[in-house]
Amino acid sequence: MREFWAGVRTLGRGFGWWRRRPRVMAAALLPAALVGAALTAGLIVLGAFLPEIVASVTPWADGWASGWAAAIRLLVGAALLAGAVVLAVATFTALSLFVGEPFYDRVWRSVESAQAEAVPDAGYGMWRAAGDAISLVLRGLGIAMLTLAVGFVPVAGAVLAAVLGATFSGWMLADELTARALTARGLGPVERRALRRASRARVLGFGVATHLCLLVPLGAVIAMPAAVAGSTLLAHTLLERAQDSGTRG
């Protein structure tokens, strides 16, 4: 748990970048605000039509006793909503990083310049951002479907769906957000995966904290630049640990 909370504090250090580089961070609000407004509107529409959607997918419950029908439809509605939220978080992150690539690049460079003597050659660009955005949305869709399936478990389904959604989504977000800093140092997917697994609890703490912040509409807009800054700090921690381990080895 100590490592998990250390990951949460890393996101807190990312929020601290609002104090250190306020102009750079403020400039990165625009893409997150635009994407967040669109997705929030979509979730509101979903919530408004959720009873009709649930009724349309559960016609077989029409002949049940009213209490049982209401219970099963409540369960289905909660599962659908949980899956939609997970997908919305992944989509928000993917689209914000893609649309705001130049802005988040500045955030990343500001952290790198403060942490290291020279900013590594990122080699990122819009095409890489587009590919990562598509990958993130597809992975988010997979997690949403898993969350939806778990949500149908009687009694504990909604709670299990929320926990699993936060866990898998958090790991996915940490993976995506640290990719820039690690890729800039020439590390491929295999090396990046090994670094994250070596500090699994810390990475998960950062990711889950980010996921929870992104659930809040206005909080998501403010948290997005902080998540980019925090993920860069997390990447530095992972690299330092790998170097220390190699030195001891």
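Contact here means heavy atoms within 4.5 Å. The model is a predicted one: local features need pLDDT of at least 70, side-chain atom pairs count only at pLDDT 80 or more, and totals for chains, interfaces and linings use all residues. Residues are numbered from 1 along each chain as its sequence is written, and side-chain values use heavy atoms, with hydrogens and water left out.

Start at T232. This residue sits in helix α11. Helices are DSSP runs of H or I with at least four residues, strands are E runs of at least two, and both are numbered from the N terminus. Leaving aside residues up to four places away in sequence, T232 touches W108, V111, E112 and A181. T232 is buried, at a relative accessible area of 1%. Buried means under 20% relative accessible area, exposed means over 50%, and partly exposed lies in between (1.4 Å probe, protein chains only). A polar atom of the T232 side chain lies 2.9 Å from the backbone oxygen of V228.

Now follow E112, one of the residues that T232 touches. E112 is buried, with 0% relative accessibility. Its side chain meets that of R185 in a salt bridge, at 2.7 Å from N to O. The two come from distant parts of the chain, 73 residues apart: E112 belongs to helix α6, R185 to the loop between α8 and α9. A salt bridge is a side-chain nitrogen of Lys or Arg within 4 Å of a carboxyl oxygen of Asp or Glu. R185 is partly exposed, at 29% relative accessibility.

D105 and R180 form a salt bridge, 3.3 Å from N to O. D105 lies in helix α6 (residues 101–115) and R180 in helix α8 (residues 157–183), so the bridge ties together parts 75 residues apart in sequence. Both ends are buried: D105 has a relative accessible area of 15%, and R180 has 7%.

Return to helix α11 for one more bridge. E3 pairs with R241, and their closest N and O atoms are 2.8 Å apart. E3 lies in helix α1 (residues 2–15) and R241 in helix α11 (residues 217–248), so this bridge joins parts that are 238 residues apart in sequence. E3 is partly exposed, at 26%. R241 is also partly exposed, at 30% relative accessibility.

How many salt bridges does the structure hold? The count is 9.

Notes
A polar contact is a pair of N or O atoms within 3.5 Å; within protein, one must be able to donate a hydrogen and the other to accept it, and residues adjacent in sequence count only if both atoms are side-chain atoms.
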